[in-house]
Amino acid sequence: MLNDFFILMKFELLPAVIFFVLLFIKVGTAELSNASIIRLANILLFINLVAGFFYNKDGGMFGDMFHTNALIVLQKSILNLGIFIVSLQAEAWLRTHKHVIEFYLLLLSSLMGMFFMISGANLLMFYLGLELATIPLAALANFDLEKRKSSEAAMKLIMSSAFSSGLLLFGISLMYGTTGTLGFAQLPALLNGSNLQVFAFVLLFAGFAFKISVVPFHLWTADVYEGAPVPVTSFLSVVSKGAFIFVFASVLYTVFKPLADTWYHMLFLLSVLTMVIGNLFALRQQNIKRMLAFSSIAQMGFILIGISGSSQAGTASAVYFVLVYVFTNLAAFGVVALVSAQTGKEDITDYKGFHATNPVLAWVLAIALFSLAGVPPTAGFFGKFFLIMAGAAKQNYWLITIAALNMIVSLYYYLNLVKALFMDANASPVPKITFGVYAKLAIVICIAGMVLSGLASVVYEYIYNLSTGF
Amino acid sequence: MSEIPLTHILFVSTALFFIGMYGLFTRRNMITMLMAVELMLNSVNINFVAFNKYLFPENLDGVFFTIFIITIAAAEAAVAIAIIINLYRSHHSIDVEDATEMKW
């Protein structure tokens, strides 16, 4: 029994242990240098990642409040990988920062919240995990305390996340009022599609849409991405969004299965809006972080298409796309983080002639942009392909046509940046960027992931076999 | 004494929720916006307790949920106020109109 407890909750306990190790170092008397703290934290996060692959078991605990299975283990491992890469990339920025340990403490508590949220099988557990995942993120967004933009970003994040959790909670309370239960196992049988339940569901849906920045609720995204420090931005855009997508897909497929007709139409409308508006706004951005923010909004639209397929392929393609997205987006943000940490330049025009001075980084960024655009040999193509295939199963070809047209629009702004990197001349290009072993390792992992997870079909097949649909 | 019907309580909580939402959208002082959000969360608390007492008195799911909401709302307010204080140091104002460097 006790053994079960440790194995089932392994993913939550490990970050907790690392959290306390780092906390004791912080409050202890030992004066460790930044370099040794970063080395220790990275080693611990690597152990955390590797330990996730061994001794896993399906099961539930705490009176069905907490459950885990093979797909959830895979999802948590993807998030572990994401946080490990983020931590490697953060080294260039943290090296000279005063509060290194606090960064890791906030990062780990947010990760723990995401794990509890993914494993939660009760609306109470889910809500607690969600708040534990988002509140530390607001503090992280403000991590460059003296920067004006950083505090503005944190203010926008905390206000919009408080508002969205207000909507979510009102939805949950009405759901409780109509069904009398909070458990995911009991809810589906009690959902009958009455008007009050649909209203409650719309509120819940809006709360989710805020977190994954789907269009009418996306207004915070670009500002927070621009203002927050780059490693925090990459964590927000990859790990945090990935976790919410996993939960969103599984909640829609299991708990709200009786309302499938309702949410199919909502997903249809929101995915079209998200793709079109995300792409149109990305076209006019001058700041590279804002451009990547709007491009990530547009990518969310594609994920919604996959989820709307409501089949086994729907779950599988969403999870697969998040895996690909971890590698792709972290590669792009990794390069942006290095440039920003060493020169402070974040505008697209600053990247003109980047290839002349930094050929390696220029190629890494170019491959990542091709993968984001969905150009064939990279994993991004297969990710989008599976998402659209899953969506096409519903035979709603309007949706698929709009998605295909949007991919062409998105190609314009990605290629525009590639053109700036390789073709445009610049009198004062970004100087040669030096990067250490951590950044090199992160880049190698990202490039390998982008190429291999696309070419090796076992990855998708493995995810597909774990997924469920209806 | 006749019992107050559930609909009366739901009317109050829903009104409180939308008053909070209105306050959040119209107020320009960050502390007041935070208070408006708290109003929204408290309306949810009323909902939970009322549903629990009137419809499902056999177990206490709703009341427990309320306790967690109060706790988390406090944590959220603490972080939000810390952020607002830090923002005040750099902007010398807690008016949201002054914190609009990033747009579009």
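This is a predicted model: local features need pLDDT of at least 70, side-chain atom pairs count only at pLDDT 80 or more; totals for chains, interfaces and linings use all residues.

Q: Which helix gives the largest share of the lining of the second largest pocket?
A: H11(A) does, with eight residues.

Q: And which helices each supply at least two residues there?
A: Helix H4 (70–94), helix H5 (100–119) and helix H11 (230–255) of chain A.

Q: How much space lies in that second largest pocket?
A: About 570 Å³. It is lined by 29 residues. The closest to its centre are His67(A), Asn69(A), Ile72(A), Ser250(A) and Thr254(A).

Q: How do the residues of that lining divide?
A: Into 15 nonpolar, 13 polar and one charged.

Q: OK, now the largest pocket. How much space lies in that?
A: About 900 Å³. The lining has 27 residues. Nearest the centre lie Lys156(A), Ser160(A), Leu219(A), Trp220(A) and Asp223(A).

Q: Which elements give two or more residues to that lining?
A: From chain A, helix H7 (148–179), helix H10 (219–227) and helix H13 (288–308).

Q: Which one gives the largest share?
A: H7(A), with five residues.

Q: And how do the residues of this lining divide?
A: There are 18 nonpolar, three polar and six charged residues.

Q: Switching to cavities. How many are there of 30 Å³ or more?
A: Six, in a search of the whole structure. The largest cavity holds about 140 Å³ of space.

Q: Which residues are closest to the centre of the largest cavity?
A: Thr134(A), Leu157(A), Lys211(A), Trp220(A) and Leu236(A), out of 16 lining residues.

Q: Which helices each supply at least two residues to the lining of the largest cavity?
A: Helix H6 (123–141), H7, helix H9 (195–211), H10 and H11, each from chain A. H7(A) gives the most, five residues.

Q: What about the classes in the lining of the largest cavity?
A: Nine nonpolar, five polar and two charged.

Q: And what lines the second largest cavity?
A: Gln89(A), Leu330(A), Ala331(A), Gly334(A), Val335(A), Leu338(A), Ala439(A), Ala442(A) and Ile443(A). The space in there is about 50 Å³.

Q: Which helices each supply at least two residues of that lining?
A: Helix H14 (312–343) and helix H19 (437–455) of chain A. H14(A) has the largest share, five residues. By class, the lining has seven nonpolar, two polar and no charged residues.

Q: New topic, helix packing. What describes two packed helices?
A: The angle between their axes and the distance between the axes.

Q: So at what angle do the axes of H4(A) and H14(A) cross?
A: Roughly 5 degrees, and the axes come within 9 Å. Angles under 35 degrees count as roughly parallel, so H4(A) is roughly parallel to H14(A).

Q: Which residues in H4(A) meet H14(A)?
A: Among them are Leu71(A), Leu74(A), Ile78(A), Gln89(A) and Trp93(A). On the H14(A) side, they include Val319(A), Phe327(A), Leu330(A) and Ala341(A). Gln89(A) and Leu330(A) also line the second largest cavity. The contact has 17 nonpolar, five polar and no charged residues.

Q: What about H16(A) and H17(A)? How do they cross?
A: H16 covers residues 359–373 and H17 covers residues 379–392, both of chain A. Their axes come within 6 Å and cross at roughly 10 degrees. That makes H16(A) roughly parallel to H17(A). The crossing is right-handed.

Q: Where do H16(A) and H17(A) meet?
A: Ser371(A), Leu372(A) and Ala373(A) in H16(A) touch Ala379(A), Gly380(A), Phe381(A) and Lys384(A) in H17(A). That contact has four nonpolar, two polar and one charged residue.

Q: Last one. At what angle do H16(A) and H19(A) pack?
A: About 35 degrees, with axes 11 Å apart.

Q: Left-handed or right-handed crossing?
A: Left-handed for H16(A) and H19(A). Leu361(A), Val364(A), Ile367(A), Ala368(A) and Ser371(A) in H16(A) meet Ile443(A), Ile447(A) and Met450(A) in H19(A). The classes are seven nonpolar, one polar and no charged.

Methods:
Residues are numbered from 1 along each chain as its sequence is written. Chains are lettered from A and ligands numbered from 1 in the order in which they are written. Side-chain values use heavy atoms; hydrogens and water are left out. On a 1 Å grid over the protein atoms alone, a cavity is a set of points where a 1.4 Å probe fits but cannot get out, and a pocket is an open set with protein on both sides within 12 Å along at least five of seven lines; lining residues have an atom within 4 Å of a point. Grid points are joined across faces, edges and corners, and a volume is the space filled by probe spheres set on the points. Helices (H or I, at least four residues) and strands (E, at least two) are DSSP runs, numbered from the N terminus. Ala, Val, Leu, Ile, Met, Phe, Trp, Tyr, Cys and Pro count as nonpolar, Asp, Glu, Lys and Arg as charged, and the others, Gly among them, as polar. Axes are lines fitted to C-alpha atoms, for helices over the stretch in contact, and angles run from 0 to 180 degrees between N-to-C directions. Angles under 35 degrees count as roughly parallel, over 145 as roughly antiparallel, 65 to 115 as roughly perpendicular and the rest as oblique. A crossing is left-handed if the near helix is turned anticlockwise from the far one by less than a right angle, and right-handed if clockwise. Contact means heavy atoms within 4.5 Å.
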